[in-house]
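Hello,

Here is the structure I promised to pass on. Please look it over, then read the notes below.

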Amino acid sequence: MLKIQSLTKKDISAVAKIANQCFRGYGSFSGAKKWLSCNFGAYPRMQYFLAKEKDEILGYILWLEKGGFRKEAVWELEQIAIKETARGRGVATFLIEQSLKKILSYLKERGSKLKTIEVTTGTENQAQRLYQKTLNARPEAVIKDFFRGDEVIMIARL
Ligand SMILES: CC(C)(COP(=O)(O)OP(=O)(O)OC[C@H]1O[C@@H](n2cnc3c(N)ncnc32)[C@H](O)[C@@H]1OP(=O)(O)O)[C@@H](O)C(=O)NCCC(=O)NCCS
């Protein structure tokens, strides 16, 4: 059974391993670990959640708030990655849906509501379908030559 939980300090190495396997940008495991530790320290502006099965971490998601702690909050789904061996069976869908509930309840407790979600990915990345399906996000613009290629900005308005 899949479970969702917030990232804890002791999980940082395991998550850095997944991050480094899934994205080239970190350059190395230690580069990924440094990036994760930095983001972990930026709670509550940045919030990581993990999908676990038994005690195995299958993937992670990073949400981040933009433009201040606003009443009408704007958040970005900054990154999601699932271990190669666990892909294609709904783990990312589960992680997006369940973590969004956590963000919504965090905002409710704070007295804010979620206005807009931004998510970007490479124009070639199939994750666009995932974002459309789970968040009802739609492509709004393409930025040329951003990371390794063109990047599509998708927006969900709530
Ligand atoms: C993108 C990623 C997170 C999807 O994880 P997943 O657990 O396999 O996704 P799910 O099983 O929940 O699939 C959900 C939907 O996404 C789409 N999808 C996801 N990956 C896909 C792929 N490689 N090819 C085609 N469709 C894909 C499918 O439409 C699927 O919908 P369906 O169930 O109706 O077919 C995973 O492939 C991954 O970690 N990739 C590397 C990192 C990355 O590119 N992250 C996103 C950019 S930040």
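**The cover over H1**

The buried residues of H1 are covered by, among others, helix H2 (29–40), strand S2 (46–53), strand S3 (56–66) and S4. Bear in mind that this is a predicted model. H1 itself spans residues 12–22, and its buried residues are Val15, Ala16, Ile18, Ala19 and Asn20.

**H1 against H2**

Two packed helices are described by the angle between their axes and the distance between the axes. For H1 and H2 the angle is about 120 degrees, and the axes are 8 Å apart. That makes the two helices oblique to each other, because only angles from 65 to 115 degrees count as roughly perpendicular and only those over 145 as roughly antiparallel. The crossing of H1 past H2 is right-handed.

H1 brings Ile12, Ser13, Val15, Ala16, Lys17, Ala19 and Asn20 to this contact. H2 answers with Phe29, Ala32, Lys33, Leu36, Ser37 and Phe40. By class, that contact has eight nonpolar, three polar and two charged residues. Val15, Ala16, Ala19 and Asn20 of H1 are in the contact with H2, and they are also among the buried residues of H1.

**The loop between them**

Serine 28 sits in the loop that joins H1 and H2. Is serine 28 buried or exposed? Serine 28 has 10 other C-beta atoms within 10 Å, so it is exposed; the cut-off for that is 12 or fewer. Alanine 16 lies twelve residues from serine 28 in sequence, and the C-alpha atoms of the two are 9.3 Å apart.

**The ligand**

Which residues are closest to the ligand? They are Arg87, Ala92, Thr93, Gln126 and Leu130, out of 19 residues that surround the ligand. Strand S4 (72–82), helix H3 (91–110) and helix H4 (127–135) each give two or more residues to this shell. The shell divides into eight nonpolar, seven polar and four charged residues.

**H3 against H4**

The axes of H3 and H4 come within 10 Å and cross at roughly 45 degrees. H3 and H4 are therefore oblique too. H3 passes H4 in a right-handed crossing. On the H3 side the contact is made by Ala92, Thr93, Ile96 and Glu97, and on the H4 side by Leu130, Thr134 and Leu135. Four of the residues in this contact are nonpolar, two polar and one charged. Ala92, Thr93 and Leu130 belong to this helix contact, and they are also among the residues closest to the ligand.

Best wishes

Technical notes:
Residues are numbered from 1 along each chain as its sequence is written. This is a predicted model: local features need pLDDT of at least 70, side-chain atom pairs count only at pLDDT 80 or more; totals for chains, interfaces and linings use all residues. A residue is near a molecule or strand if its C-beta atom, placed from the backbone, lies within 6 Å of it. Helices (H or I, at least four residues) and strands (E, at least two) are DSSP runs, numbered from the N terminus. Ala, Val, Leu, Ile, Met, Phe, Trp, Tyr, Cys and Pro count as nonpolar, Asp, Glu, Lys and Arg as charged, and the others, Gly among them, as polar. Axes are lines fitted to C-alpha atoms, for helices over the stretch in contact, and angles run from 0 to 180 degrees between N-to-C directions. Angles under 35 degrees count as roughly parallel, over 145 as roughly antiparallel, 65 to 115 as roughly perpendicular and the rest as oblique. A crossing is left-handed if the near helix is turned anticlockwise from the far one by less than a right angle, and right-handed if clockwise. Two residues are in contact if their C-beta atoms, placed from the backbone, lie within 7 Å. A residue is buried if 20 or more other C-beta atoms lie within 10 Å of its own, exposed if 12 or fewer, and partly exposed in between; C-beta atoms are placed from the backbone.
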